[in-house]
Amino acid sequence: MGLLSLLRKLRSNPDLELRILLLGLDNAGKTTLLKVLASEDITHITPTQGFNIKSVQSKGFKLNVWDIGGQRKIRPYWKNYFENTDLLIYVIDSADRKRFEETGEELTELLEEEKLAGVPVLIFANKQDLLTSAKASEIAEGLNLNSIRDREWQIQACSAVSGEGIKEGVEWMTKTCNNRKK
Amino acid sequence: MKLKRFLLRYYPPGIILEYEQGGVLKTKSIDLLDLSPTTNIDQVVEEITQKEPLITPSKVEQVKKLVARLQEKIGQKEDHQFYLFKVLRAHILPLTNVAFNKSGSSFITGSYDRTCKVWDTSSGEEIHTLDGHRNVVYAISFNNPYGDKIVTGSFDKTCRIWSSESGKCFHVYKGHTAEIVCVSFNPQSTLIATGSMDTSCRIWDVEKGTDIANLTGHTGEIISLSFSSTGSELITASFDHTVSLWDVRSHKRIHTLVGHKAEISSAQFNWDCSLIATGSMDGTCKLWDRASGRCTATLKAHADEILDVGFDCTGQRILTASADNTACCYNALTNQQISKFLGHEGEISKITFNPQGTLVMTASADKTARLWDPETGECKQVLEGHTDEIFSCAFNYEGTTIITGSKDNTCRVWR
């Protein structure tokens, strides 16, 4: 990739390109999701130390997706990536019930960020392939998503491993952004 | 005019004359770019004395000794094997650029973690963390040869100047309306130039901390810039497919180099500033005559985008690095290909000669940096160990130490 392609991705082309930020706790499955979006192999994925960027073509949009590591010590750096974000994807490990509170707190903080004000948010309730996973409706209720009134939002049940629910999420993203551009 | 003393410059070979004129101390340089170990010393010195009135007959013997010293230095056969000296867990997020001071005693690293750090090369210890930018620190530089100041350009749209000794921030330069992605001191260390994604280049005063000029005219992002070796001219390379040559004093555009069919990735002067080399995403490298602004050659050895170009210190050879995983070396006079460097398994994003011109270093997405013989194209060494792609690499002035900066958040020192 090199530094030069970072600059090329930084270029603003507001008509066609969307800058999408992919956040969530560590081990939520952000990088796996990113690779599935880019139709890449997901067999060898390790915790993300820094970030990954991939461009995905979908329905006339070029989605530049920034996947930032979710470990606690990296989270303070999320804010470096807030500017010019068109859409936020927040990934939750639906089977990790012990950390629902922590993930809820992080999400609330993100939604309070000035630089992300009004940015639509898509919440992926990931790992639906695991037997112990909570349903999307359960999570929506637990996180009190219905109280979000300052932006468009959607919760989508999915499994990055099986691919289930991903297409629906991408469709919601392009539809939402299409409406906003008009 | 009265000659005070001689100074030697090894890379590129030259003799600097320090002299007094009207009570003011001045310097001028005699460049010996064609000097080789077999050159006839008497002949060289005779040519110098004919051209240079400061070299009186009484100085001839001394000049001969100096030329002999230069010849000896050039003739030194370097067969240095580099080994991994230190791994520095430099930053919490990926590194951007790295740079040495002239002696190589310290170096700096920029990072996505918003800081620039100053390191002691021999101990591997962190001397200072330059903290203050509110976004990625992308472009960094020492004011070599002095090395007492550091400039940093950030995605936060500002540029800062720091003391390399105390780590104190002298000035914050505000004015750009988008990310700053390239910075440079002029050779006298009195000015800073910054290039930005806002398509403009600005010139700033080092001492006063003020804005001197805003060079506008590009229609695309400026991603590379460099001063000529005298500091009187500046080139800016842009994503608008062109390169501009500016007069630093009048702030006027002297030439626009038009001809590439895609974004420019890099633009460099040769030492005497007679030539400019440009690399482009269109897969070609072009050479331009600086005086006329005309394209004199198009080098087409690559199957994909060219990501970096560079001259050797005397300006006699040119390097190109490409996304096709290969790199090339050319003769700058004949434009003939001298060698091709084959072996990398990923894009080559950076390429540079050592100051001596005896080795070429490439940095690649395949997580390695490699050292090559520029004459034969033979790979002399593979610097392995980084666990993610290498974004940047540099030699110190002596060519004895290498630093590599990677997306894996570490920096490695090789000696």
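The dialogue below treats the interface and then chain A.

Modeller: This is a predicted model, in which local features need pLDDT of at least 70, side-chain atom pairs count only at pLDDT 80 or more, and totals for chains, interfaces and linings use all residues. Residues are numbered from 1 along each chain as its sequence is written, chains are lettered from A in the order in which they are written, and side-chain values use heavy atoms, without hydrogens and water.

Colleague: What is the area buried between chain B and chain A?

Modeller: The size of an interface is often given as the accessible area lost when the parts come together. Here the buried area (1.4 Å probe, summed over both parts) is about 2,400 Å², and carbon and sulfur atoms give 60% of that area. On the chain B side, B:I92, B:L93 and B:Y112 supply 22% of the area buried against chain A, more than any other three residues. In contact terms (heavy atoms within 4.5 Å), 32 residues of chain B meet 20 residues of chain A.

Colleague: Which residues form a salt bridge?

Modeller: A salt bridge requires a side-chain nitrogen of Lys or Arg within 4 Å of a carboxyl oxygen of Asp or Glu. The count between the two chains is one: A:R8 pairs with B:E305, their closest N and O atoms lying 2.8 Å apart.

Colleague: Why is 15 Å a reasonable radius of gyration for chain A?

Modeller: The radius is taken over C-alpha atoms, and the globule rule is 2.2 Å times the number of residues to the power 0.38. For 182 residues a compact globule would have a value near 16 Å, so the 15 Å of chain A agrees. The C-alpha trace of chain A spans about 40 × 40 × 30 Å along its principal axes.

Terms used
Buried area = accessible area lost by both parts, 1.4 Å probe.
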